[in-house]
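Please find below a short note, prepared for a reader who is new to protein structures.

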Amino acid sequence: MILQEQIEAQLDHTLSGTDFDFLGEKYEGKVRDNYTKNGKRILITTDKLSAFDRIITTIPFKGQILNQTTQFWFETTKHIIGSHYIDAPDPNVVYAEECEPLPIEMVVRGYITGSTGTSLWYNYSQGERHIYGLDFPDGLEKNQKLPEPIITPTTKAPKGHHDEKITAAEIVEQGLLSQEDYDYLARKTVELYLHGVEHCAKQGVILVDTKYEFGRNANGEIVLIDEIHTPDSSRFWIAETYEEKLAAGEEPDNINKEFLRLWLANQGYMGDGEMPEITPDIRVQTAMKYIEAYEMITGEEFQPVGGDTIERMEANLRDYFA
Ligand SMILES: Nc1ncnc2c1ncn2[C@@H]1O[C@H](COP(=O)(O)OP(=O)(O)O)[C@@H](O)[C@H]1O
Ligand SMILES: [Mg+2]
């Protein structure tokens, strides 16, 4: 088990960005630095934490955790669909096939929950029964399991814009995807989700909802890109306390980035105005959450690679491409 001191020692070495001129053209996502070179993509997962559509802080070991969680799932879901993954030259880095990203995100939900204005629960609690092009019965409770998983796709907005909900029919009408491709993504989305649910259940974890991104590789095949079943792209609840929390009308215990979002909300911050100071203590606690998530999900002990992240990564990448 990782010691609190190990996390504290890493507070000053977190990775908030890179600038490697030897790696090719750089594109900066919210959390990943991407470099492209010769039809390949180098994805560097930083320690940045985004919430309310902005970068809040950095969390020790978060990049390594997300990257290695994603690798775990690419490996264990390749019988369902292939991914862009080629290799991992560093704990924070994936070397991948450059793909043509498909212009939608496939969100899949097994429970009716959420707190933001686009969430299923918010819309339902406002009396809507036709949401995301789907019909919902009366009488559902917050955080209740849905009779079957539902897909609620969104557009993939350019950086700085919000993803918008879109229906399957609109995706095809607007020519974003052919019907055949949409059907394929929908089928793979449900298969991936159910596989994740089953695996997580064995670990005492509920995979509540998640989103997948797909791309077309150089051979024209559709593969998984970006990240999969990480605490950033998914909501996870602790199975053991779920029923009692639901019965008591309380929020389930979670192991995702909801933790810091809820902490901020409790300080009165909802995304506008001045942000409360994120103390070292809260960054350490958040790191603990991410580590707990990693260990519960993968069933493996987390092996932190500490020290100067940039220096290590540069050495590994120079080596790899030499
Ligand atoms: N293999 C790939 N080919 C092309 N684009 C990819 C690939 N893998 C990931 N991407 C894209 O790279 C970006 C990854 O950086 P990230 O920080 O996750 O961005 P975002 O802010 O969009 O979430 C995303 O826009 C994702 O769609
Ligand atoms: Mg992303």
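The numbered points that follow concern a predicted model and treat its strands, one histidine and several aromatic side chains.

1. The sheet. Five strands make up an open sheet, in the order S1-S2-S3-S7-S6, with antiparallel pairing.

2. From S1 to S2. Strand S1 (residues 25-28) is paired with strand S2 (residues 32-37) through four bridges in the antiparallel sense. A hairpin of three residues connects S1 to S2. Within this pairing, Glu 28 has Asp 33 of S2 as its bridge partner.

3. From S2 to S3. Strand S3 (residues 40-45) runs antiparallel to S2, and six bridges join the two. Thr 36 is found opposite Arg 41 in S3. The hairpin of S2 and S3 has two residues between the strands, and Asn 38 in this hairpin adopts a positive phi near 50 degrees.

4. S6 and S7 are antiparallel and are joined by three bridges; Tyr 85 stands opposite Ala 96 in S7. Helix H2 packs on the sheet and touches S2, S3, S6 and S7, its direction making about 150 degrees with that of S6. Helix H9 also packs on the sheet, where it touches S3, S6 and S7; the direction of H9 makes about 130 degrees with that of S6.

5. The hairpin of S4 and S5. Strand S4 (residues 48-51) and strand S5 (residues 54-58) pair in the antiparallel sense over four bridges, and Lys 48 stands opposite Thr 58 in S5. Two residues lie between these strands in the hairpin, where Phe 52 takes a positive phi near 50 degrees. On S4, which way do the side chains point, and are they buried or exposed? Lys 48 and Ser 50 point one way, Leu 49 and Ala 51 point the other way, and all are buried.

6. His 84. This residue lies in the loop between helix H2 (62-76) and strand S6 (85-90). Why does His 84 count as buried? Its relative accessibility is 2%, and the cut-off for a buried residue is under 20%. Apart from neighbours within four places in sequence, the contacts of His 84 include Leu 43, Phe 74, Tyr 95, Cys 99 and Asp 226.

7. Aromatic pairs. There are 15 aromatic pairs in the structure. One of them is formed by Tyr 95 and Phe 321, which are edge-to-face, with 5.4 Å centre to centre and 70 degrees between the planes. Tyr 95 belongs to strand S7 (residues 93-97) and Phe 321 to helix H9 (residues 309-321), so this pair ties together parts that are 226 residues apart in sequence. Tyr 95 counts as buried at 15% relative accessibility, whereas Phe 321 is partly exposed, with a relative accessible area of 30%.

8. Further rings and charges. Phe 20, Phe 22 and Tyr 35 are linked into a cluster by ring pairs. The charged end of Arg 318 sits over the ring of Phe 22, at 4.1 Å from its centre. Elsewhere, Arg 129 lies over the face of Tyr 124, 3.7 Å from the ring centre.

Note on methods
Residues are numbered from 1 along each chain as its sequence is written. Chains are lettered from A and ligands numbered from 1 in the order in which they are written. This is a predicted model: local features need pLDDT of at least 70, side-chain atom pairs count only at pLDDT 80 or more; totals for chains, interfaces and linings use all residues. Side-chain values use heavy atoms; hydrogens and water are left out. Buried means under 20% relative accessible area, exposed over 50%, partly exposed in between (1.4 Å probe, protein chains only). Two strands pair if DSSP finds at least two bridges between them. Contact means heavy atoms within 4.5 Å. Rings of Phe, Tyr and Trp (its six-membered ring) pair if their centres lie within 6.5 Å; planes under 30 degrees apart count as stacked, over 60 as edge-to-face and the rest as tilted. A charge sits over a ring if NZ of Lys or CZ of Arg is within 6 Å of the ring centre and within 35 degrees of the ring normal. Axes are lines fitted to C-alpha atoms, for helices over the stretch in contact, and angles run from 0 to 180 degrees between N-to-C directions.
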